[in-house]
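User: I have this one open on my screen and would like to know what stands behind the labels. Could you take me through them, value by value?

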Amino acid sequence: FKMARKFPLKIVDDTLKKIFFKLGVMIGNNPGYFIIVPLLLTALCASGFQRMNYNYDPEYLLSPSTGFAKQERAVMEKYFPVNYDFFQPQRMSRVGKFGRVIITAADEGTLLRTKLWNQILELENIIYDITVEY
């Protein structure tokens with residue numbers, strides 16, 4: 001039998017044991033400090049998220065300011081303007097403000113029932129009649 005080799009970096013192991021032991025003793029003696037201070041720091045840092053401005057425009061985020069993307073989009077918008085009478089979100093060339101409505105049946109059945117279909121058409125008319133003043 002060969003004797004098992006000892007841990008070659010025993011000094012590292014012993015040092016880490018001492019550091020974590022002292023840290024555990026310090027946390028055990030002052031638990032309030034280690035609960036309240038992290039909560040206050042989290043609240044302080046989280047307050048900055050309220051002031052963040054998000055930009056979702058892929059052209060701004062991914063293309064250089066002197067790139068061809070802006071020129072190509074201008075040409076596309078000139079010759080293929082968005083037809084809002086037959087609106088298709090996947091054909092938009094700019095990120096716009098619009099909403100999608102997801103409809104499900106209350107009984108989780110099919111939507112292809114006459115009564116539900118009439119309610120969906122009524123909802124569509126209500127949505128189309130929305131006016132916004134700005």
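**Labels and their cut-offs**

Analyst: Happy to! Let's start with I19, which sits in helix α1, residues 10-29; a helix here is a DSSP run of H or I with at least four residues, a strand a run of E with at least two, numbered from the N terminus. This is a predicted model, where local features need pLDDT of at least 70, side-chain atom pairs count only at pLDDT 80 or more, and totals for chains, interfaces and linings use all residues. Residues are numbered from 1 along each chain as its sequence is written, and side-chain values use heavy atoms, leaving out hydrogens and water.

User: Why is I19 called partly exposed?

Analyst: Its relative accessible area is 49%. Buried means under 20% and exposed over 50%, with partly exposed in between (1.4 Å probe, protein chains only), so I19 is partly exposed at 49%.

User: What makes the nonpolar surface patch, and what is its area?

Analyst: L9, I11, V12, L16, I19, F20, L23, M26 and I27 make it, with about 840 Å². Patch residues have over 30% relative accessible area and no salt bridge, and nonpolar side chains (Val, Leu, Ile, Met, Phe, Trp, Tyr) are joined within 5 Å, like charges within 9 Å. I19, at 49%, is over that area cut-off.

User: How do you know that K10 and D14 form a salt bridge?

Analyst: The N to O distance is 3.6 Å. A salt bridge needs a side-chain nitrogen of Lys or Arg within 4 Å of a carboxyl oxygen of Asp or Glu, so this pair counts. K10 and D14 both lie in helix α1, 4 residues apart, about one turn of the helix. K10 is partly exposed at 46%, and D14 is partly exposed at 28%.

User: Which other pairs meet in a salt bridge?

Analyst: The structure holds 4 salt bridges, among them K17 with D13 at 3.5 Å and D107 with R113 at 2.9 Å. K17 and D13 are also 4 residues apart in helix α1. K17 is exposed at 52%, whereas D13 is partly exposed at 28%. D107 is exposed at 52%, and R113 is partly exposed at 31%.

User: What makes the aromatic pair stacked or edge-to-face?

Analyst: There is 1 aromatic pair in the structure. The ring centres of Y33 and F34 are 5.3 Å apart, with the planes at 85 degrees, so the pair is edge-to-face. Rings of Phe, Tyr and Trp (its six-membered ring) pair with centres within 6.5 Å; planes under 30 degrees apart are stacked, over 60 edge-to-face, the rest tilted. Y33 is exposed at 53%, while F34 is partly exposed at 29%.

User: Why does the phi of E108 get a mention?

Analyst: Most residues other than glycine have a negative phi. E108 is not a glycine, yet its phi is positive, about 60 degrees. E108 lies in the loop between α4 (68-79) and α5 (114-128) and is exposed at 76%.

User: How do you know whether the protein is spread out or a compact globule?

Analyst: The protein has 5 helices and 0 strands. Its radius of gyration is 31 Å, well over the 14 Å that the globule rule gives for 134 residues, so the protein is more spread out than a compact globule. That radius is taken over C-alpha atoms, and the rule is 2.2 Å times the number of residues to the power 0.38. The C-alpha atoms fill a box of roughly 80 × 55 × 50 Å along the principal axes, and buried residues make up 6% of the 134. The C-alpha atoms of I19 and E77, 58 residues apart along the chain, are separated by 64 Å.

Definitions and conventions:
Areas by Shrake-Rupley, 256 points an atom, 1.4 Å probe, with all protein chains shown as cover.
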